[in-house]
Amino acid sequence: MKALILVGGFGTRLRPLTLTVPKPLVEFCNKPMIVHQIEALKAAGVTEVILAINYRPEVMMGFIAEWEPKLGVKIVCSQEKEPMGTAGPLALAKELLDDGSGQPFFVLNSDVVCEYPLKEMLDYHRARGAEATILVTKVDDPSKYGVLIINEYGQVQQFVEKPKEFVGDKINAGIYCCSPKVLERIELRPTSIEKEVFPHVAADGQLYAFTLAGYWMDVGQPKDYLKGLTLHLDSLNIHNPSALYNAAGVSGNVLVAASAKIGADCKIGPDVSIGEGCVIGDGVRLSNCVVMKGVEVGNHTKVGARTGLRSADGACCCCVAAHSQSAGTWTCMGKAATFCSGIPCCFEYCVVLRQPWLVAAEG
């Protein structure tokens with residue numbers, strides 16, 4: 001069985017993290033985002049993954065060389081010469097997706113994180129003889145999204161974009177299971193599967209919806225990335241609590257890579273992820289933050305939500321520190337501050353206490 005992951009975008013919403021690596025390779029809970037998806041696809045029976053790429057193909061090829069043997073899944077690239085939207089890449093990779101066996105295949109947006117019920121979705125798709133099945137998730141405020149109108153049999157009847165009145169609370173979660181027949185509907189040009197393909201499949205009564213029971217998040221923006229972290233760690237606590245870090249000074253859900261080093265008298269949590277090779281100094285306070293691979297955090301540094309900074313709407317602050325950067329001794333970071341490899345620090349606001357006086361930066 002095969003799957004195609006849409007990785008061609010520039011990831012502008014997730015900058016500055018995506019200025020040095022494509023969005024699918026940004027670490028999420030100590031693995032590149034896309035690795036979480038490939039692991040779930042393998043568990044559902046997928047043996048070959050096609051990456052629809054456009055941005056920085058040489059970096060994606062390096063990823064394949066490193067991760068293909070680790071994951072035990074064949075990974076190939078289908079390179080776009082121009083951005084092809086969400087349907088065009090399927091037409092471009094038609095010969096790879098349709099091998100004549102009639103087997104369905106998965107299509108995933110690379111910035112979606114959830115519990116990936118792909119095996120259950122596949123069974124649902126096959127049982128209904130569907131041409132395509134959309135994974136859907138419930139939201140509290142459907143007026144911000146495109147809503148799917150679904151009948152009692154699970155068939156999608158209509159798409160309503162940002163409804164002003166309540167018509168339903170289920171939205172497209174960005175993961176699809178498709179039969180090869182759907183490829184006949186897609187022209188080799190930039191096109192949208194959601195707007196130009198699925199409405200026709202629905203009109204023929206061949207489009208179904210499978211409802212996601214667990215968490216879901218599009219992590220394409222820093223604030224949503226950090227919300228996704230919280231949801232993912234909550235899920236780990238329920239389904240695989242042994243994966244979480246448990247030591248003196250830890251509160252809530254914390255994920256720590258095996259090679260990370262943590263100093264004495266630290267207080268860590270809740271909702272913290274610490275990556276491979278990180279060095280956390282003595283007396284450090286971390287909360288609601290991500291510390292990516294190779295970052296060093298100096299002694300008595302405070303990073304996270306409660307650093308004395310608040311956003312205009314009163315929301316808590318949070319941080320991402322990325323790739324071999326350092327936060328010096330007596331540093332305080334908050335309000336979605338971001339350290340990235342080779343990029344000057346700051347996203348929105350960052351407060352740095354490197355000396356007895358206060359240095360504040362806005363960027």
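Histidine 125 has its place in helix H5, where helices (H or I, at least four residues) and strands (E, at least two) are DSSP runs numbered from the N terminus. The model is a predicted one, in which local features need pLDDT of at least 70 and side-chain atom pairs count only at pLDDT 80 or more, while totals for chains, interfaces and linings use all residues. Residues are numbered from 1 along each chain as its sequence is written, and side-chain values use heavy atoms, with hydrogens and water left out.

Histidine 125 is buried, with a relative accessible area of 2%; buried means under 20% relative accessible area, exposed over 50%, and partly exposed in between, for a 1.4 Å probe and protein chains only. Leaving aside residues up to four places away in sequence, histidine 125 touches Pro104, Ala130, Glu131, Ala132, Thr133, Cys177, Cys178 and Ser179, a contact being heavy atoms within 4.5 Å. With serine 179 there is also a polar contact from side chain to side chain, at 3.0 Å. A polar contact is a pair of N or O atoms within 3.5 Å; within protein, one must be able to donate a hydrogen and the other to accept it, and residues adjacent in sequence count only if both atoms are side-chain atoms.

In helix H5, which spans residues 118-127, the buried residues are Leu118, Met121, Leu122, Tyr124 and His125. Seen down the axis of H5, these buried residues fall within an arc of 160 degrees, so they line one face of the helix; the arc is that of the directions from the helix axis to the C-beta atoms. Their cover includes helix H1 (33-43) and the strands S6 (105-109), S8 (132-138), S11 (170-178) and S12 (207-211). Just after H5, glycine 129 takes a positive phi of about 60 degrees.

Helix H1 is itself mostly covered, since eight of its 11 residues are buried, among them Met33, Ile34, Val35 and His36. H1 is followed by glycine 45, whose phi is positive and near 105 degrees.

Both helices also take part in the second largest pocket, where H1, H5, helix H7 (222-239) and strand S14 (254-256) each supply at least two residues of the lining. On a 1 Å grid over the protein atoms alone, a pocket is an open set of points where a 1.4 Å probe fits, with protein on both sides within 12 Å along at least five of seven lines, and lining residues have an atom within 4 Å of a point. This pocket holds about 560 Å³ of space and is lined by 26 residues, of which Lys31, His36, Glu39, His232 and Leu236 lie nearest its centre.

Most residues other than glycine have a negative phi, and most peptide bonds are trans. Aspartate 271, in the loop between S16 and S17, has a positive phi near 60 degrees and is buried, with a relative accessible area of 11%. Proline 270 lies in the loop between strand S16 (267-268) and strand S17 (272-274), and a cis peptide bond, with omega about 0 degrees, joins glycine 269 to proline 270.

Conventions
Points joined across faces, edges and corners; volume = space filled by probe spheres on them.
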